[in-house]
Structures are given as structure tokens and as C-alpha cells.
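Hi everyone, thanks for coming.

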Amino acid sequence: MQLQMYRSSTSAVWADALFASMLQRSDEPSAGQVREAAAAAMRAYGGRGCAERVAQEFGDHPEAAVTRMRWARGVVGEVFAAPGPAQDGRRRRPVCVPGLRRWRLVRR
């Protein structure tokens, strides 16, 4: 049996970050607030830290965590939409979140 590394998609990472943030569904956040909250969570906890917080919440309160993750994934799907043709035929612009460093692969 081989150990395989799971690689999260970008939208899954942003959903974890939004889940780990202090933003609540009841706040009815704008797209800008969602971007800021997710970026702040990524800066504070990192990708792995956000995933750890998600796992902890699913362990402690699974019913509430399912609802929150469903909300987070839906919002991330709208706010951090991948570039490509929009429904009206225009091309979307890539989402840039201020305050986050860009990562690149470094070969050793």
C-alpha cells in the first residue's frame, strides 16, 4: 500500500480559510468582506492551520460544521470564481486577494 499525498484544490483551501475565519453567515457578508476574512485567516493560521481548525470543528460539532462548510463552499464558489467565460459571455478577471504572498514552486 502506498501513501498518497492529497492536494487540496484552491477553492477547498479558500473554503477552509473562510470556515476558520470569524465571519458568520448571519453577517450577510459582501464579496469584499469574504475576501478579507479568508485572507486574514490564511495569514493567521496558514493553509494547514485552517484545515486543522476545520477538522477540529467537525470532530466537536459535526452537524454545525456541515452547515458552515456548505455555506463556506458556496460563498467561495461565488466570490473566488475561476477565470473563464461568465454566463453573459464576458471573460472573468482572476481574483487577487491583497495581503497574500504568491507562492511558486522551487526546484531543489
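How much accessible surface does the protein have, and what share of that belongs to carbon and sulfur atoms? The accessible surface comes to about 8800 Å², and carbon and sulfur atoms account for 50% of it. Please keep in mind that this is a predicted model.

Now the overall layout. The protein has 3 helices and 0 strands, and the pattern along the sequence reads α-α-α. Of its 108 residues, 30% count as buried. If you take contacts between residues at least 6 apart in sequence, 66% of them join residues at least 24 apart.

Let's turn to helix α1. The buried ones are A12, W14, A15, D16, A17, L18, F19 and A20. And what covers them? The cover includes α2, residues 31-60, and α3, residues 62-79.

I'd like to finish with how α1 meets α3. Their axes come within 9 Å and cross at roughly 125 degrees, and the two helices are therefore oblique to each other. The crossing of α1 past α3 is right-handed. On the α1 side, the contact involves S11, W14, A15, D16, L18 and F19. Their partners in α3 are A65, R68, M69, W71, A72, R73, V75 and V76. Sorted by class, that contact has 10 nonpolar, 1 polar and 3 charged residues.

That's my tour, and I'm happy to go back to any part of it.

Methods: Residues are numbered from 1 along each chain as its sequence is written. This is a predicted model: local features need pLDDT of at least 70, side-chain atom pairs count only at pLDDT 80 or more; totals for chains, interfaces and linings use all residues. Side-chain values use heavy atoms; hydrogens and water are left out. Buried means under 20% relative accessible area, exposed over 50%, partly exposed in between (1.4 Å probe, protein chains only). Helices (H or I, at least four residues) and strands (E, at least two) are DSSP runs, numbered from the N terminus. Contact means heavy atoms within 4.5 Å. Accessible areas come from the Shrake-Rupley method with a 1.4 Å probe; for residues, only the protein chains shown count as cover. Axes are lines fitted to C-alpha atoms, for helices over the stretch in contact, and angles run from 0 to 180 degrees between N-to-C directions. Angles under 35 degrees count as roughly parallel, over 145 as roughly antiparallel, 65 to 115 as roughly perpendicular and the rest as oblique. A crossing is left-handed if the near helix is turned anticlockwise from the far one by less than a right angle, and right-handed if clockwise. Ala, Val, Leu, Ile, Met, Phe, Trp, Tyr, Cys and Pro count as nonpolar, Asp, Glu, Lys and Arg as charged, and the others, Gly among them, as polar.
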